[in-house]
Amino acid sequence: GGVTVINTETDAVITNISFGDLPYYVAVVGTKVYVTDDASGVVYPVDSTTDTVGSAITVGTVPDRAVAVGTKLYVSNNSSYTVSVINTATDLVTNTIAVGYLPAYLSLFGDKVYVRTQSDLAVINTNTPALFNVSAPHLTSITSSTANGTYTTGQAVNITANFDQTLAAGSKMKLTLNTGAVVNLTTVST
């Protein structure tokens, strides 16, 4: 495996640099080109001014994609369900973040790295780096402090919907009752 260096003005091959087992994806930070190697669980830094390969940086299993954020490189590790954060000044892994099943695609927007996994979307705050919880809230139970009975239009019934995470202020939801009637819940307290 390896990479081919091409003159982008003439499209002529300048040189081939051999390294690794299965080079897969590249990301550029300054004068370094970082290449993920799917087969060996490493990322190779290549100095683009000298065409030399630096020491392999061990990350997770099956490193897939990479995105650069300043002097940090975020690498999705497909089979270890993580993202490795590499400090490109030292070429050392500074953090490993669990993100979910089979992370692959990475996108940068502002100070967030969006990670598409097989079943969800993870968002990493690049300033901390911490994972934002972006999965949809799941309803865990519904309770009521109002006595059982028959109620007519306009009568108040206190209903509490409990979720597995805090909802955003102003969230709304609709409940469909056993009778088929729809109740709009508009007040959310956190």
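**The largest nonpolar core**

There are zero helices and 19 strands in the protein, both being DSSP runs numbered from the N terminus, with at least four residues (H or I) for a helix and at least two (E) for a strand. This is a predicted model, in which local features need pLDDT of at least 70 and side-chain atom pairs count only at pLDDT 80 or more, while totals for chains, interfaces and linings use all residues. Residues are numbered from 1 along each chain as its sequence is written, and side-chain values use heavy atoms, leaving out hydrogens and water.

The largest nonpolar core has 12 residues in all, namely Val67, Val69, Tyr74, Val83, Val85, Ile97, Val99, Leu106, Val113, Val115, Ala122 and Ile124. At least two residues of this core come from each of strand S8 (63–69), strand S10 (82–87), strand S13 (112–116) and strand S14 (121–125). A nonpolar core here is a set of buried Ala, Val, Leu, Ile, Met, Phe, Trp, Tyr and Cys residues joined through side-chain atoms within 4.5 Å, where buried means under 20% relative accessible area, with a 1.4 Å probe and protein chains only.

Leaving aside residues up to four places away in sequence, Val67 touches Lys72, Leu73, Tyr74, Leu106, Leu108 and Val113, a contact being heavy atoms within 4.5 Å. A second, separate core has 10 residues, among them Ala27, Val43, Val59 and Ile86.

As for the whole protein, buried residues make up 29% of its 190 residues, and its C-alpha atoms fill a box of roughly 80 × 30 × 25 Å along the principal axes.

Note on methods:
Buried < 20%, exposed > 50% of the residue type's maximum accessible area, 1.4 Å probe, protein only.
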